[in-house]
Amino acid sequence: MSAAMLELADARLTYRRGAARFAALDGVSLSVAQGECVGVIGESGSGKSSLARVIAGLAEGATGTLRLAGEAVPITPGARRREQCRRIQMVFQDPVGSLNPVLTIGAIIAEGMAIHGIGTRAERRERVAALLADVGLDPALAARRPHELSGGQRQRVAIARALAVEPDLLLLDEPTSALDLVVQAQILNLLLALQEARGLAYLFISHDLDVVRHLCHYVHVITAGQIVESGPTEAVFAAPQHPYTQGLIAAMPGATR
Ligand SMILES: Nc1ncnc2c1ncn2[C@@H]1O[C@H](COP(=O)(O)OP(=O)(O)OP(=O)(O)O)[C@@H](O)[C@H]1O
């Protein structure tokens, strides 16, 4: 196994609930190697999105330590250097809400490259066309706007936008949950192919156990802001140790009870 691309240690995030404090993340540690897909599974409210937000540098008040390829990266929003932000990109669940409706697809994909000073305007245009082809879309779609695309096409655009700035780590937060099953399978296969071609590290967050089983090498199970079980995906699915994991797997459609 190659050296860790992402190392997160003792991540904590609390929210205020009236006068009380509530721990959405309660000491989470995990790592992802280059070329590896690590899954995080748990039910709604277990802390999965909070985890993604902390790693992406979007969670005010988060504590813990984060390293990318051995380099310390601040965990607090606003403290990261632009170059550090570039290296971690996120793909969200909702491909409608995450794409700016007034921009063309080409502008959406090129925006990050411009912010990070990648290429000239002409080079960026060329790169947009290549990225659209890489994610299985017609480069002519660059001139369209998000509302003219299907849900699956929009999610391909979101992936192209993330890849445009050449990240080391992709944070995938329920990237296929809003899609129907056929399109979901196509997007998962695309993610697998892109990972193989580019050696990316993926942190894949999902409540969908089937999807995680299909895609991830290693899996963490989270509940109430804590990881309660971790292991190679097949081992965890074949012989879950923690009662919470056992319950999740027993509740899967098609599980033998
Ligand atoms: N801004 C916020 N203020 C207060 N509580 C919050 C906030 N965001 C999330 N929470 C709470 O923190 C806990 C973890 O939320 P989080 O969104 O991380 O869970 P999740 O596993 O991603 O759930 P889902 O799959 O439904 O998105 C939940 O109990 C949620 O209600």
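Me: Which residues surround the ligand?

Reply: This is a predicted model, in which local features need pLDDT of at least 70, side-chain atom pairs count only at pLDDT 80 or more, and totals for chains, interfaces and linings use all residues. Residues are numbered from 1 along each chain as its sequence is written. A residue is near a molecule or strand if its C-beta atom, placed from the backbone, lies within 6 Å of it. Here the ligand is surrounded by Y15, A24, G42, S44, G45, S46, G47, K48, S49, S50 and H207.

Me: How many residues of each class does the shell around the ligand have?

Reply: Ala, Val, Leu, Ile, Met, Phe, Trp, Tyr, Cys and Pro count as nonpolar, Asp, Glu, Lys and Arg as charged, and the others, Gly among them, as polar. The shell around the ligand has two nonpolar, eight polar and one charged residues.

Me: Which helix gives the most to the shell around the ligand?

Reply: Helices (H or I, at least four residues) and strands (E, at least two) are DSSP runs, numbered from the N terminus. The chain has nine helices and ten strands. Helix α1, residues 48-55, gives the most to the shell, namely three residues.

Me: What confidence does the predictor report, with which average pLDDT for the chain?

Reply: pLDDT is the predictor's confidence in each residue, from 0 to 100. The chain averages 92, and 97% of the residues score at least 70. For the complex, the predictor gives an ipTM of 0.91 and a pTM of 0.92.

Me: In which order do the six strands of the open sheet with mixed pairing stand?

Reply: Two strands pair if DSSP finds at least two bridges between them. The order of the six strands is β6-β7-β8-β3-β9-β10. At the edges stand β6 (88-91) and β10, each of which pairs on one side only. Neighbouring strands of this sheet are turned by 20° against each other on average, direction ignored; axes are lines fitted to C-alpha atoms, for helices over the stretch in contact, and angles run from 0 to 180 degrees between N-to-C directions.

Me: In which sense do β3 and β8 pair, parallel or antiparallel?

Reply: Strand β3 (residues 37-41) and strand β8 (residues 201-206) pair in the parallel sense, over five bridges. G39 stands opposite F204 in β8. By contrast, β9 (residues 218-223) and β10 (residues 226-232) run antiparallel and are joined by six bridges. T223 has Q226 in β10 as its bridge partner. The hairpin of β9 and β10 has two residues between the strands, and A224 takes a positive phi near 50° there.

Me: What is the order of the open sheet of four strands?

Reply: That order is β2-β1-β4-β5, with antiparallel pairing. Its edge strands are β2 (20-33) and β5 (71-73), each pairing on one side only. The twist averages 25° from one strand to the next. Eleven bridges link β1 (residues 4-17) to β2 in the antiparallel sense, and T14 has A23 in β2 as its bridge partner.

Me: Why does L169 count as buried?

Reply: A residue is buried if 20 or more other C-beta atoms lie within 10 Å of its own, exposed if 12 or fewer, and partly exposed in between; C-beta atoms are placed from the backbone. L169 counts as buried because it has 20 C-beta neighbours inside 10 Å. This residue lies in strand β7 (residues 169-173). L169 and C37 are 132 residues apart in sequence and 9.8 Å apart in space, C-alpha to C-alpha. Of the 257 residues of the chain, 40% count as buried.
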